[in-house]
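Please examine the sequence and the model shown below.

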Amino acid sequence: MSVPLQKKAFPLRLDPALYAAIERSAASDLRSVNAQVECLLREALQKRGVKLAEPVRAKRGRPPKERQGESE
């Protein structure tokens with residue numbers, strides 16, 4: 001079993017018009033609002049020259065099936 005990805009959660013208050021714009025942008029990029037905010041923050045920091053490690057991507061899809069005799 002894999003360890004769940006840990007992210008820092010915190011409340012964020014936004015102007016309703018700003019939230020609506022982020023929501024539209026997220027929909028056009030096929031992302032959640034949360035993922036879009038994270039993406040926009042990373043882009044803004046990159047433009048300012050702040051270096052960040054690449055985000056750890058969650059594994060997607062089904063885990064590989066165990067073959068007989070390999071489970072021990």
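The following briefing treats the chain as a whole and then its local features.

This is a predicted model, in which local features need pLDDT of at least 70, side-chain atom pairs count only at pLDDT 80 or more, and totals for chains, interfaces and linings use all residues. Residues are numbered from 1 along each chain as its sequence is written, and side-chain values use heavy atoms, with hydrogens and water left out. The protein chain has 2 helices and 0 strands, where helices (H or I, at least four residues) and strands (E, at least two) are DSSP runs numbered from the N terminus.

**Chain surface**

- Of the 72 residues in the protein chain, 8% count as buried; buried means under 20% relative accessible area, exposed over 50% and partly exposed in between (1.4 Å probe, protein chains only).
- The protein chain has an accessible surface of about 7,600 Å², and carbon and sulfur atoms account for 54% of it (Shrake-Rupley method with a 1.4 Å probe; for residues, only the protein chains shown count as cover).

**Packing of H1 and H2**

- Helix H1 covers residues 16-28 and helix H2 residues 33-47; they pack at an angle of about 95°, with their axes 9 Å apart.
- H1 is therefore roughly perpendicular to H2, a term for angles of 65 to 115 degrees; axes are lines fitted to C-alpha atoms, for helices over the stretch in contact, and angles run from 0 to 180 degrees between N-to-C directions.
- From H1, Tyr 19, Ile 22, Glu 23, Ser 25 and Ala 26 meet Val 33, Gln 36, Val 37 and Leu 40 of H2.
- By class, this contact of H1 with H2 has 6 nonpolar, 2 polar and 1 charged residues (Ala, Val, Leu, Ile, Met, Phe, Trp, Tyr, Cys and Pro count as nonpolar, Asp, Glu, Lys and Arg as charged, and the others, Gly among them, as polar).

**Gln 36**

- Gln 36 lies in helix H2 and counts as buried, at 2% relative accessibility.
- Neighbours within four places in sequence aside, Gln 36 is in contact (heavy atoms within 4.5 Å) with Ile 22, Ser 25, Ala 26, Asp 29 and Arg 31.
- The side chains of Gln 36 and Arg 31 make a polar contact at 2.9 Å, meaning a pair of N or O atoms within 3.5 Å; within protein, one must be able to donate a hydrogen and the other to accept it, and residues adjacent in sequence count only if both atoms are side-chain atoms.

- Ser 28, in helix H1, is exposed, with a relative accessible area of 58%.
- The Ser 28 side chain reaches the backbone oxygen of Ser 25 at 2.8 Å.
- Leu 30 occupies the loop between H1 and H2 and is exposed, with a relative accessible area of 81%.
- The phi of Leu 30 is near 55°, a positive value in a residue other than glycine.

Note on methods:
Angles under 35 degrees count as roughly parallel, over 145 as roughly antiparallel, 65 to 115 as roughly perpendicular and the rest as oblique.
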